[in-house]
Amino acid sequence: MGSKNCDILIHGGGPVGLACAAWILQKFPDANLILLDRNPADDAELAAADSRGIALSHGSKLLLNTINAWPTDCADIHRVHVSQAGRFGRALMTREELQQDALGHIVRYRDIHLTLRQALREIKAKSSNFIWQHLNGNHEHPVINARCIVHAEGGLFTKQDWVESGRDYGQSALVGLVEAENAAPHQAWERFTAEGPLAVLPSHYGSNILNLVWCGAPESSQQRLQLSDAEFLISLQNEFGSRIGRFLKIQDRRLYQLGLNYRKQITKANEVWIGNAAQTLHPVAGQGLNLGLRDAFLLAEKLAELFSGAANTQTPEQIQNTLESYAQSRKADRTTTIGLTDFMARVFTSNLAPIVMARGLALSALQWLPPVKTALARQMMFGRR
């Protein structure tokens, strides 16, 4: 089979790879770009797939709006209540404090994926040099000679074929949809239990249908997965409390293993890694996809500028320099977000008395020191710039 040549090759048709391609083509419609996508060309299979509620920051919404890729079905978060079970210490964040329309949003993963696919199709119509190649099953595909290679095919923590730096937290996340008796609209709850964080988040199904993310030891998480619905709801009620009344119904329970995996170096010669291919995070702060979208947006800016310029500026050395410049520009945001998420994942699962006391004090300090709370919230919403 013959080979193909291109300036930019993107591996991965998930949200980060799709967004990166869309932003490059938006800025430089004539880009000679190939996207390799393992998903089928038809949307039907994806429309029935992953229904997990994913946290997207307000900053991510602003970025996705630039390519008309914001899903219409989403739930806005106006207030976040953070506390630890059976201990003192709580903090409340509101959109009014930050003077924003929302603190964040909860969107189904498949809706993000499908909306980005549609946005890219619309951009593709104006991009004659763009090839979107779907890799169906084990069918062969051409050898591609690319001047710049973008790796955006990350996958889940347990399904990655690379391990460089990080840790296995010895935790699993049980996710599902839960119906509550008295849930307030646009309210998110994060409760730190003895085994890990328990989050109850809004959904677009209505104010009483909530996204559940319950992190715990793999053994106990597996046991919860196997409980009857009635037994599960009792267990959840005992752990969460009665702040939103009784839990009435649970559906679509699934389990995911949690860990941290990140590359120390995200560029090598003419290759660059973004999104989950560069870092996979614990969901405690809901930052994984948000960080990946910032990766994609800033890389697209660099590549569009390079390849839309004069041909004599696109030497292998200049391509490598551009990627190294990108990596340097992402260093502060990556380091801060990875470090903060890892810190929260470890500290908020410890039951050592000094740590329990310290995190209670930290939550209380967060409540009574508005500048600190604002700085933390802005990091979560927009990343470090």
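This is a predicted model: local features need pLDDT of at least 70, side-chain atom pairs count only at pLDDT 80 or more; totals for chains, interfaces and linings use all residues.
The protein has 385 residues, and 55% of them are buried. The secondary structure comes to 11 helices and 17 strands. Now contacts. Take the pairs in contact that sit at least 6 apart in sequence. Of those, 78% join residues at least 24 apart.

Back to A47. Where does A47 lie? In helix α2, residues 44–47. Leave out residues up to four places away in sequence, and A47 touches R110 and L114. Look at the R110 pair. A47 and R110 are 63 residues apart in sequence, yet their C-alpha atoms are 6.4 Å apart in space.

Next, the sheet. Strands of a sheet pair through backbone hydrogen bonds, either parallel or antiparallel. Here we have an open sheet of 8 strands, and the pairing is mixed. Please follow the order on the screen: β6-β5-β11-β12-β13-β10-β14-β17. Which strands form the edges? β6, residues 90–94, and β17, residues 279–280, each of which pairs on one side only.

Helix α6, residues 218–226, packs on it. α6 touches β10 (165–180), β13 (209–216) and β14 (247–262). The direction of α6 makes about 25 degrees with that of β10.

Let me go through some pairings. Start with β10. β10 runs antiparallel to β14, and 13 bridges join the two. One example: D168 has G259 in β14 as its bridge partner. On to β13. β10 and β13 are antiparallel as well, joined by 8 bridges. There, S172 has G216 in β13 as its bridge partner.

Then β11, residues 187–192, and β12, residues 197–201. These two run antiparallel, with 4 bridges between them. W189 finds its bridge partner in β12, and that partner is V200.

Now the helix packing. Two packed helices are described by the angle between their axes and the distance between the axes. I have two cases, both with α1.

Case one is α1, residues 15–27, against α8, residues 288–307. Their axes come within 8 Å and cross at roughly 30 degrees. Angles under 35 degrees count as roughly parallel, so α1 is roughly parallel to α8. The crossing of α1 past α8 is right-handed. Who makes the contact? From α1, the residues are P15, V16, A19, C20, W23, I24 and K27. From α8, they include L289, G292, L293, A296, F297 and E301. By class, that contact has 14 nonpolar, 1 polar and 2 charged residues.

Case two is α1 against α5, residues 109–124. These axes come within 9 Å, crossing at roughly 25 degrees. α1 and α5 are therefore roughly parallel to each other. What is the handedness as α1 passes α5? Left-handed. On the α1 side, the contact is made by P15, L18, A19, A21, A22, L25 and Q26. On the α5 side, we have Y109, I112, H113, L116, R117, L120 and I123. The class count for this contact is 11 nonpolar, 2 polar and 1 charged.

Key:
Residues are numbered from 1 along each chain as its sequence is written. Side-chain values use heavy atoms; hydrogens and water are left out. Two strands pair if DSSP finds at least two bridges between them. Contact means heavy atoms within 4.5 Å. Axes are lines fitted to C-alpha atoms, for helices over the stretch in contact, and angles run from 0 to 180 degrees between N-to-C directions. Angles under 35 degrees count as roughly parallel, over 145 as roughly antiparallel, 65 to 115 as roughly perpendicular and the rest as oblique. A crossing is left-handed if the near helix is turned anticlockwise from the far one by less than a right angle, and right-handed if clockwise. Ala, Val, Leu, Ile, Met, Phe, Trp, Tyr, Cys and Pro count as nonpolar, Asp, Glu, Lys and Arg as charged, and the others, Gly among them, as polar. Buried means under 20% relative accessible area, exposed over 50%, partly exposed in between (1.4 Å probe, protein chains only).
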